[in-house]
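Subject: Structure handover

Hello,

Here is the structure I promised to pass on. Please open it beside this email. My notes follow below.

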Amino acid sequence: MKILVTGGAGFIGANFLNHLVPKHPEHTFVNLDKLTYAANLASLEPVAKADNYRLAVIDLVDFDGVDRAFAEHEPELVIHFAAESHVDRSISGPRAFIKSNIEGTFNLLEACRKHWEPGQGLFHHVSTDEVYGSLGDEGMFVETTRYDPSSPYSASKAASDHLVRAYARTFGLRTRITNCSNNYGPLQFPEKLIPLMVLNALEGKPLPVYGEGLNVRDWLYVIDHCEAIWKVVHEGEDGQTYNIGGNNEVRNIDVVKEICAVVAEQTGKSRGELEGLITYVKDRPGHDLRYAIDATKLRTELHWEPTETFSTGLRKTIRWYLDHPTWVQQVRTGEYRKWIEKNYDNRG
Ligand code: NAD
Ligand code: DAU
């Protein structure tokens, strides 16, 4: 099968491709990516030369580019990861989120409508639990929870989910949506909580915790997310939504303390000194208090189970950052950005 994976040079997309391209030589995977600041081609080194992998550097906001990619690669399945993904950036500069996440998804849906007959092809939309807004101390998000997004990022993802459902109802496009909780693991850009804290701890820099650190996130190891998507694509039902989460609710301050403990364990640094780097800073505006995913539908209907607990996944993740100093250094110094500018910025 010909599979178009958008955003394959980002954190989850690159983990997805590195995990699945070698396992499935019978499929061809085309990675359509704009290569924003969050993309990193070094992350795709394991598959870059594989016979069943191709890269198409295209901005989803450019419909003609997307149209050409469909004409050239004739995908039968689209797995749509590409998005601006960082909540804080959506607060300081929302426009890119509206463009890429809403208009970009719209262009992709339009290309599917143009190139596929009704009933042909499948569009899998990778979304987030943030569309549901914030929970109080009790309850969990289920697939029917009312949308109530708080940030420009989550509002843009909610809009893209609605567009996907509208194309299914109005034009008969075959679609599926997954809404997943917070991911962590190798290759994550160090603006997100876990890699930021790991790298700052290793470098002896302050560990900035928003507010009082009492907000709760439900953490899932990235490969468990990728496996869930693959399962939904192959065994799920058209028009359905599946929540993905691993029942790993942790308060931010406890995440940061656990990172200090594991970094200390793996490097011999003093845990007490690392915890001394914790600095409480101004809270994020509109900061959602708590996310918790009920993934019963995915577990019971498709028999998906995560393989990592937060404790095992976090140890693997920190080990990965320690074992990949060149990747870390390039990302921290912007070396890879310079490489992209040199190699890609003059392409159409
Ligand atoms: P990321 O920011 O690491 O990567 C996003 C990728 O999309 C980058 O390679 C970027 O270049 C590409 N991209 C952005 N705008 C584009 C455009 N206009 N055209 C083409 N490519 C573009 O993001 P991530 O953390 O890997 O998230 C991937 C997807 O998963 C997103 O849709 C996000 O909403 C969703 N998601 C993320 C998490 C999480 O915890 N990270 C959880 C649930 C859902
Ligand atoms: O829930 C899924 C979402 O998880 C995804 O849709 C988003 O793409 C992804 O970025 C993530 O959003 P969050 O805002 O939850 O992730 P972030 O890593 O930015 O923050 C996690 C928590 O940690 C959040 O409560 C804010 C807090 N935080 C974050 C940073 C960057 C801090 O306390 N300090 C920080 O420096």
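In which hand does helix 8 pass helix 11? Helix 8 passes helix 11 in a right-handed crossing. A crossing is right-handed if the near helix is turned clockwise from the far one by less than a right angle, and left-handed if anticlockwise.

First, the ground rules. This is a predicted model, where local features need pLDDT of at least 70 and side-chain atom pairs count only at pLDDT 80 or more, while totals for chains, interfaces and linings use all residues. Residues are numbered from 1 along each chain as its sequence is written, chains are lettered from A and ligands numbered from 1 in the order in which they are written, and side-chain values use heavy atoms, with hydrogens and water left out.

Helix 8 and helix 11

Helix 8 covers residues 252-267, and helix 11 covers residues 310-323. (Helices are DSSP runs of H or I, at least four residues, numbered from the N terminus.) Their axes come within 10 Å and cross at roughly 55°. (Axes are lines fitted to C-alpha atoms over the stretch in contact, and angles run from 0 to 180 degrees between N-to-C directions.) Helix 8 and helix 11 are therefore oblique to each other. (Angles under 35 degrees count as roughly parallel, over 145 as roughly antiparallel, 65 to 115 as roughly perpendicular, and the rest as oblique.) Helix 8 brings residues including Val255, Ile259 and Val262 to the contact. Helix 11 answers with residues including Phe310, Leu314 and Ile318. (Contact means heavy atoms within 4.5 Å.)

Helix 1 and helix 7

Helix 1 (residues 11-20) packs on helix 7 (residues 222-235) at about 70°, with the axes 9 Å apart. That makes helix 1 roughly perpendicular to helix 7. Their crossing is right-handed. Among the residues in contact are Phe11, Ile12 and Phe16 of helix 1 and Val222, Ile223 and Trp230 of helix 7.

Helix 4 and helix 5

Helix 4 (residues 95-115) and helix 5 (residues 152-171) have axes that come within 8 Å and cross at roughly 15°. The two are therefore roughly parallel to each other. This crossing is right-handed.

Ligand 1

How many residues surround ligand 1? There are 28, and the closest are Asp33, Phe81, Ser85, Tyr153 and Lys157. An N or O atom in the side chain of Lys157 is 2.6 Å from an oxygen atom of ligand 1. A polar backbone atom of Ile12 is 2.8 Å from an oxygen atom of the ligand. Asp59 has a polar side-chain atom 2.9 Å from a nitrogen atom of ligand 1.

Ligand 2

Around ligand 2 there are 23 residues. Thr128, Asp129, Tyr153, Arg284 and His287 come nearest. Asp129 has a polar side-chain atom 2.6 Å from an oxygen atom of ligand 2. For Asn182, a polar side-chain atom lies 2.8 Å from an oxygen atom of ligand 2. Tyr210 uses a polar backbone atom, 2.9 Å from an oxygen atom of the ligand.

Best wishes

Note on methods: Near = heavy atom within 4 Å. Polar contact = N/O pair within 3.5 Å; in protein donor to acceptor, adjacent residues only side chain to side chain.
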